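Dear colleague,

Here is the structure I said I would pass on to you.

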Amino acid sequence: MPLDVRQRCQAVLSGIAACALAAVLAAAPPAAADASTTAADTWTEVGSDRADPLTESQGLASVEVPANSPNRYTGIGTIPLGLSARGWNHVGDPDASYDGHYIEPYQRDDGAAKMFRVQAPDGTWAEYTHALGSGEALNNSWAAISPDGQWMLSGEWGTMSRLLVFPTPGVNPATSPSANLPQAATVRLDRPVRDVQGCDFVTATRLLCSSDDPEGALFGITKPLLQIDLSAAPSGTADVTGQVTALRQLPLRSACSGTFEAEGIDYDRRTGTLRVIVVSPGFCVLTDSKTYRFTRG
């Protein structure tokens with residue numbers, strides 16, 4: 001994940017004015033979507049909430065256990081001091097299993113590992129470290145737990161044709177905080193995706209993902225909401241394929257013009273609500289960044 005949002009937020013904390021207020025008051029209208037969206041689900045915007053740039057700018061997750069748990073968010077302001085002191089200075093889009101295990105993905109600017117921080121339903125925390133494989137990117141932008149709880153997907157920054165499959169740390173009995181978290185399999189995508197910031201399972205074989213793609217060449221739109229249909233539920237024993245469809249452009253509305261950043265995503269199966277964070281450009285990162293809500297249809 002790029003450092004732009006983190007740098008802007010740190011500038012606010014230090015009192016240094018790093019962002020300029022833009023003169024243009026509206027973003028350009030979205031381009032037409034890829035024709036493959038016609039057979040896919042339609043997600044309609046139904047509302048939004050302000051996203052705090054320090055504590056709600058990277059990711060979000062709905063938590064089912066314990067009952068009545070609040071939604072969880074991540075941002076530079078949610079990183080524990082002890083972790084940042086050890087170099088884990090970026091947290092991505094988290095997820096939670098249906099039994100209440102909550103997982104945050106972490107990265108650092110150097111080294112050869114990623115880290116997943118897991119909170120068990122009893123409130124205790126544990127850290128699981130994954131040593132990078134050959135050719136694996138350092139970025140650790142998101143985690144998505146399969147509905148059966150046993151497998152976790154993650155992705156890499158840039159233009160990629162795969163997603164990574166791991167045993168879910170803290171849930172799958174093959175994992176231990178004292179051992180390397182191994183990659184178990186791969187999701188082979190039928191077309192490339194760019195700068196995916198978050199994914200969440202809707203069913204055992206369908207994911208929704210937020211892409212921060214700034215170019216638009218892959219699907220005809222920038223900042224797309226993507227649907228990935230898997231050939232089978234991840235099992236960790238074999239690779240599966242994923243069919244990628246661009247559903248729509250995420251909302252890009254702000255009092256400032258410039259580059260928006262699509263961030264984390266969450267699907268709450270209890271209400272059928274999809275939520276996606278979009279961070280506003282320039283100075284408006286402070287004022288009108290939003291978590292947008294969508295429902296199917």
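The notes below take up the conventions, then the disulfides, the strand pairing and the cavities.

This is a predicted model, in which local features need pLDDT of at least 70 and side-chain atom pairs count only at pLDDT 80 or more, while totals for chains, interfaces and linings use all residues. Residues are numbered from 1 along each chain as its sequence is written, and side-chain values use heavy atoms, with hydrogens and water left out.

Disulfides

Taking a disulfide as a pair of cysteine sulfur atoms within 2.5 Å, the count comes to 2, and with the bonded cysteines numbered in sequence order the pairing is 1-2, 3-4. Strands here are DSSP runs of E of at least two residues, and they are numbered from the N terminus.

C256 lies in the loop between β16 (240-249) and β17, and C284 in the loop between β18 (273-279) and β19, so the pair ties together parts that are 28 residues apart in sequence. C256 is buried, with a relative accessible area of 0%, and C284 is buried as well, at 3%.

Strand pairing

Two strands are taken to pair if DSSP finds at least two bridges between them. An open sheet of 4 strands runs in the order β1-β19-β18-β17, with antiparallel pairing, and its edge strands, each pairing on one side only, are β1 (43-50) and β17. Neighbouring strands of this sheet are turned by 25 degrees against each other on average, direction ignored, the axes being lines fitted to C-alpha atoms and angles running from 0 to 180 degrees between N-to-C directions. Within the sheet, β1 and β19 (residues 290-296) pair in the antiparallel sense over 7 bridges, and W43 has R296 in β19 as its bridge partner.

Elsewhere, β11 (residues 159-167) and β12 (residues 185-194) run antiparallel and are joined by 6 bridges, with R194 in β12 as the bridge partner of T159. β12 also pairs with β16, in the parallel sense and over 3 bridges, where L189 stands opposite G242 in β16.

Cavities

A cavity is a set of points on a 1 Å grid over the protein atoms alone where a 1.4 Å probe fits but cannot get out, and lining residues have an atom within 4 Å of a point. A search of the whole structure finds 3 cavities of 30 Å³ or more, and about 140 Å³ of space lies in the largest cavity. Of the 15 residues that line the largest cavity, the closest to its centre are D95, A96, Y98, D200 and Y267. The elements giving two or more residues to this lining are β5 (95-96), β13 (196-203) and β17 (261-268), and β17 supplies the largest share, 3 residues.

With best regards

Methods. On a 1 Å grid over the protein atoms alone, a cavity is a set of points where a 1.4 Å probe fits but cannot get out, and a pocket is an open set with protein on both sides within 12 Å along at least five of seven lines; lining residues have an atom within 4 Å of a point. Grid points are joined across faces, edges and corners, and a volume is the space filled by probe spheres set on the points. Buried means under 20% relative accessible area, exposed over 50%, partly exposed in between (1.4 Å probe, protein chains only).
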